[in-house]
Amino acid sequence: MAKIKMKRHSPSIDMTPMVDLGFLLVTFFMMTTQFQPSELATITSPRATSETKLPEANNATVVVSKDNRVFFRMDGTKNLKTLGEKLNSKYSLGMTESDIEKFSHKSGFGIDLRGMKQFLSLTETQQKNTAMSGIPVDDDNNNNQLIDWLIYARIANPDVRLVVKGDKDTNYPVIKKVMDTLVRCNINRFNLITDTKAKPTT
Amino acid sequence: MAEVNTEQRQKGGDKGIVKKGKKLSTRVDMTPMVDLAFLLLTFFLLATTFIKPQIMQLILPEQNKDNANTPKVNEKNVLSIVLEGDDKIYWYIGLTNAQVHETNYSDTGLRVVLQEQSKANEKLNVLIKPADTSTYENLVTTLDEMSISNIQRYILYDYLDEDKALIQGFSGGGQTAGIQPAGGNT
């Protein structure tokens with residue numbers, strides 16, 4: 001009987017298809033990635049059974065942290081630029097063109113507007129180390145700056161969707177203040193960010 | 001070094017011998033590039049936010065300056081839910097001589113109350129009155145219970161002095177007054 005000769009295979013495999021796929025995926029993820037904005041404060045959202053997802057664009061978020069500080073966040077550099085210009089002229093902050101440029105690249109704000117110019121002049125690391133005191137929402141002292149943030153945010157982007165992101169342990173009075181402010185700006189319809197919870201089986 | 005080479009080549013040309021340049025393989029080692037590509041792939045895979053946050057829509061009534069347009073509701077059709085601190089809930093129907101009950105956020109607490117009450121009265125309106133001691137979580141859980149029990153007519157309301165008096169009367173009469181060890185926080 002003739003011996004069956006095993007065909008010798010080369011030990012190297014053609015990896016071209018794999019590499020092709022690799023690059024395809026890299027390009028895909030590079031194009032679609034939207035980086036999570038840096039956290040202003042650690043927020044644990046309360047859980048609810050709602051299943052609606054938050055759309056990606058045109059959001060303005062009012063963040064309320066556990067220690068009762070209020071932050072404001074908005075997407076879109078162009079919108080933020082308009083917002084910065086409007087706030088600048090309303091509060092006569094004296095921000096220069098470059099200050100507004102810096103303003104438009106921030107992912108969130110949580111300081112008194114009167115300290116904004118000084119805050120923007122700091123370096124990135126200094127800004128990170130600055131304790132954010134939160135946006136004043138004080139109606140008693142006539143110092144409710146959140147109203148102006150909201151009004152000008154709507155002017156900058158009329159399609160803006162208002163989102164409230166509160167920590168589950170936030171005290172109700174702060175939340176009420178924020179909600180009252182929203183209603184005062186004629187924003188009656190807004191969204192609360194929640195965490196997943198299984199629907200009851202009945 | 002290039003000069004030396006050309007000299008040699010010229011010399012070679014003079015002698016009539018064509019010196020063949022070392023034939024380089026056309027295959028380039030692509031390993032480092034592929035390594036980098038996969039590194040990037042892993043990075044973007046991990047950095048992508050897959051989970052979109054979930055939202056719950058809340059519609060608040062417009063702020064009206066005059067009370068003329070406020071609709072009037074029969075007291076018997078009003079269920080008040082008072083959210084107190086320490087995850088306590090008190091509920092009662094109407095305001096005058098209201099019978100205060102206590103419940104909690106568990107599956108057999110508020111949900112059962114809402115389902116029973118909405119079944120018993122079709123015209124039921126729910127007022128959610130969060131006290132200053134309550135938390136955001138209490139509010140969201142209650143709003144969520146509304147959607148679970150499919151109650152459309154509810155409103156966020158202020159915690160009034162009347163409510164406070166009712167609840168104080170309840171905890172003063174039903175139980176011994178004073179601070180009770182809170183055990184319902186689990």
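**View 1. Area buried between chain B and chain A.** About 4200 Å² is buried between chain B and chain A in this predicted model. Buried area is the accessible area (1.4 Å probe) that two parts lose on being put together, summed over both. Carbon and sulfur atoms give 65% of that area. On the chain B side, Q54(B), I55(B) and Y136(B) lose the most area to chain A, together 23% of what that side buries. The contact (heavy atoms within 4.5 Å) takes 48 residues from chain A and 42 residues from chain B.

View 2. The rule finds 1 salt bridge between chain B and chain A. A salt bridge is a side-chain nitrogen of Lys or Arg within 4 Å of a carboxyl oxygen of Asp or Glu. K176(A) forms a salt bridge with D158(B), and the closest N and O atoms are 2.8 Å apart.

**View 3. Strand pairing between the chains.** Strand β2 (residues 52-53) of chain A and β1(B) run antiparallel, joined by 2 bridges. Strands are DSSP runs (E, at least two residues), numbered from the N terminus. Two strands pair if DSSP finds at least two bridges between them. T52(A) stands opposite I55(B) in β1(B).

**View 4. The hairpin of β3(A) and β4(A).** Strand β3 (residues 59-64) of chain A pairs with β4(A) in the antiparallel sense over 5 bridges. M74(A) in β4(A) is the bridge partner of A60(A). The hairpin has 5 residues between the strands, and N68(A) takes a positive phi near 65°. In strand β4 (residues 70-74) of chain A, 5 of the 5 residues are buried, so the strand is largely enclosed by the rest of the structure. Buried means under 20% relative accessible area (1.4 Å probe, protein chains only). V70(A), F72(A) and M74(A) point one way from β4(A), F71(A) and R73(A) the other way.

**View 5. N144(A) in its strand.** N144(A) lies in strand β6 (residues 143-144) of chain A. N144(A) counts as buried because its relative accessibility is 8%. A polar contact of 3.4 Å joins its side chain to that of T181(A).

**Notes.** Residues are numbered from 1 along each chain as its sequence is written, chains are lettered from A and ligands numbered from 1 in the order in which they are written, and side-chain values use heavy atoms, leaving out hydrogens and water. In this predicted model, local features need pLDDT of at least 70 and side-chain atom pairs count only at pLDDT 80 or more, while totals for chains, interfaces and linings use all residues.

Definitions and conventions. Helices (H or I, at least four residues) and strands (E, at least two) are DSSP runs, numbered from the N terminus. Buried means under 20% relative accessible area, exposed over 50%, partly exposed in between (1.4 Å probe, protein chains only). A polar contact is a pair of N or O atoms within 3.5 Å; within protein, one must be able to donate a hydrogen and the other to accept it, and residues adjacent in sequence count only if both atoms are side-chain atoms.
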